[in-house]
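Please read this briefing with the sequence and the 3D structure side by side. It is meant for a reader who is new to both.

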Amino acid sequence: MRTTPLGTTGEEVSSICLGPMIFGTEVDRETSFALLDRYYEAGGRFLDTANNYATWIEGYDEPRSEPLLGDWLDERGVREEMFIATKLGFNYGETPQSLAPEVVEQEIAGSLDRLGIDQIDLLYAHVDDFDTPQEETMRAFQRAIDAGKVRHLGASNFLGWRLARANRIAEEQGLTPYQCVQPRFSYYVPNRGAEFGGQVKGTDELLSYATHDELTVLPYSPTLGGCYGREDRGIPEGYVNTENRVKRDIVDNIADEKGLNGNQIALAWLLDRDQPTVPVIGVSTREQLDQNLAALDVEFTADERRRLDSVERMGIFPWRD
Ligand SMILES: NC(=O)c1ccc[n+]([C@@H]2O[C@H](COP(=O)([O-])OP(=O)(O)OC[C@H]3O[C@@H](n4cnc5c(N)ncnc54)[C@H](OP(=O)(O)O)[C@@H]3O)[C@@H](O)[C@H]2O)c1
């Protein structure tokens with residue numbers, strides 16, 4: 001699988017990251033292992049989990065994704081080949097929503113234990129914490145890096161200015177900065193007033209900042225539940241507007257012309273962006289996984305690209321293109 005630079009770390013990661021958020025809960029163990037095997041077989045080496053996956057699903061109070069990944073890494077003996085990202089900051093069980101140093105320390109220990117590994121390749125702040133001074137959080141992360149428990153840092157669900165501020169603090173204090181950002185980001189642009197719980201939407205400013213300081217962008221929920229290619233799923237709540245209806249028609253037409261699924265068009269559009277962009281895909285079947293991985297092979301003509309970009313889009317300021 002082709003690779004994409006991770007910020008300014010000098011490291012390359014798989015250009016499509018697999019998100020096993022619902023593995024071990026909605027997706028049973030056997031299917032989860034088969035999907036992980038298939039991703040590995042296709043050359044994928046980048047997995048994205050979190051300490052709280054997926055404790056909000058009824059009947060599952062304990063984290064299931066990290067332990068399942070740990071078992072898979074162990075059984076297949078592939079730990080050294082895989083690049084493992086996990087996250088902390090959201091509440092689950094007894095753990096509060098916080099990036100306070102003691103929570104950071106405790107949750108890193110918990111993730112290492114559940115994953116059965118000695119070091120997290122990429123640790124995300126899963127959500128911002130306005131109550132803890134950013135310097136305290138960055139220092140707590142630094143201690144984990146110095147102790148060899150964490151290699152790189154990322155931020156998810158951050159506003160652009162907060163991310164820029166955290167990285168300015170890191171630079172001034174000689175601490176490790178965030179190297180990538182994981183927002184809710186797809187081809188459809190959400191309505192201005194739409195809310196998605198603790199999930200923070202990608203914005204022009206966030207993406208502009210990421211470009212300027214060379215942070216990799218990792219869009220999550222990139223297919224919005226597979227809605228670009230499924231008749232049973234319309235434009236999702238929070239996205240229903242005229243622009244997205246026009247976009248849906250454009251995706252449908254280009255998918256028809258190319259003999260592809262609409263989700264492949266949406267993923268290929270993300271992969272084709274000017275700045276380093278690694279979609280974090282979610283799947284529950286082998287067919288979905290194969291379709292989504294095949295987005296890596298989709299190439300747009302100049303006319304297709306123009307059509308896709310002819311409607312409202314987020315991103316870098318057009319006058320700087
Ligand atoms: N940082 C954060 O706050 C955050 C938040 C959410 C997710 N994430 C990460 O992003 C990953 C993906 O998120 P997501 O699951 O919300 O992604 P998504 O792309 O919005 O949805 C994935 C679901 O869409 C359907 N789907 C995907 N590809 C399809 C295809 N080719 N054809 C038909 N249906 C398809 C499947 O639904 P069915 O299973 O129902 O068939 C699949 O489970 C997660 O695993 C996690 O790692 C991070």
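This is a predicted model: local features need pLDDT of at least 70, side-chain atom pairs count only at pLDDT 80 or more; totals for chains, interfaces and linings use all residues.

Residues are numbered from 1 along each chain as its sequence is written, and side-chain values use heavy atoms, with hydrogens and water left out. Helices (H or I, at least four residues) and strands (E, at least two) are DSSP runs, numbered from the N terminus.

**Helix α3**

- The 15 residues of α3 should span 21 Å at 1.5 Å a residue, and the end C-alpha atoms are 21 Å apart, which agrees. The expected span of a helix is 1.5 Å times one less than its number of residues.
- Buried means under 20% relative accessible area, exposed over 50%, and partly exposed in between, with a 1.4 Å probe and protein chains only.
- G116 follows α3 and has a positive phi, near 70°.

**Helix α4**

- Helix α4 takes in residues 134-146, which is 13 residues. From its first C-alpha to its last α4 reaches 18 Å, close to the 18 Å expected at 1.5 Å a residue.
- The buried residues of α4 are Q134, T137, M138, A140, F141, Q142, A144 and I145.
- These buried residues pack against the strands β5 (83-88), β6 (120-125), β7 (150-156) and β8 (178-182), and also against the helices α3 (101-115) and α5 (160-173).

**How the helices pack**

- Two packed helices are described by the angle between their axes and the distance between the axes. Axes here are lines fitted to C-alpha atoms, for helices over the stretch in contact, and angles run from 0 to 180 degrees between N-to-C directions.
- α3 and α4 pack with their axes 9 Å apart and at an angle of about 30°. That makes α3 roughly parallel to α4, given that angles under 35 degrees count as roughly parallel, over 145 as roughly antiparallel, 65 to 115 as roughly perpendicular and the rest as oblique.
- The contact between them is made by P101, V104 and I108 of α3 and by E136, A140, F141, R143 and A144 of α4. Contact means heavy atoms within 4.5 Å.
- By class, the contact of α3 with α4 has six nonpolar, no polar and two charged residues. Ala, Val, Leu, Ile, Met, Phe, Trp, Tyr, Cys and Pro count as nonpolar, Asp, Glu, Lys and Arg as charged, and the others, Gly among them, as polar.
- The axes of helix α1 (residues 29-41) and helix α2 (residues 65-76) come within 11 Å and cross at roughly 55°. That makes α1 oblique to α2.
- α1 brings R29, S32, F33, L36, D37 and Y40 to this contact, and α2 brings L68, L69, D71, W72, E75 and R76.
- Those residues of α1 and α2 divide into six nonpolar, one polar and five charged.

**Two buried residues**

- L88 is in strand β5 and, at 1% relative accessibility, counts as buried.
- Leaving aside neighbours within four places in sequence, L88 is in contact with residues including V104, E107 and I108, and F141 is another of its contacts.
- G160 is in helix α5 and counts as buried at 13% relative accessibility.
- With neighbours within four places in sequence left aside, G160 is in contact with L206 and Y209.

**Backbone features**

- Most residues other than glycine have a negative phi, and most peptide bonds are trans.
- A cis peptide bond, with omega about -10°, joins Y53 and A54. A54 is found in the loop between β4 (46-48) and α2.
- N157 is not a glycine, yet has a positive phi of about 60°. N157 lies in the loop between β7 and α5 and is buried, at 5% relative accessibility.
- L224 also is not a glycine and has a positive phi, of about 45°. L224 lies in the loop between β9 (216-217) and α7 (242-258) and is buried, with a relative accessible area of 8%.
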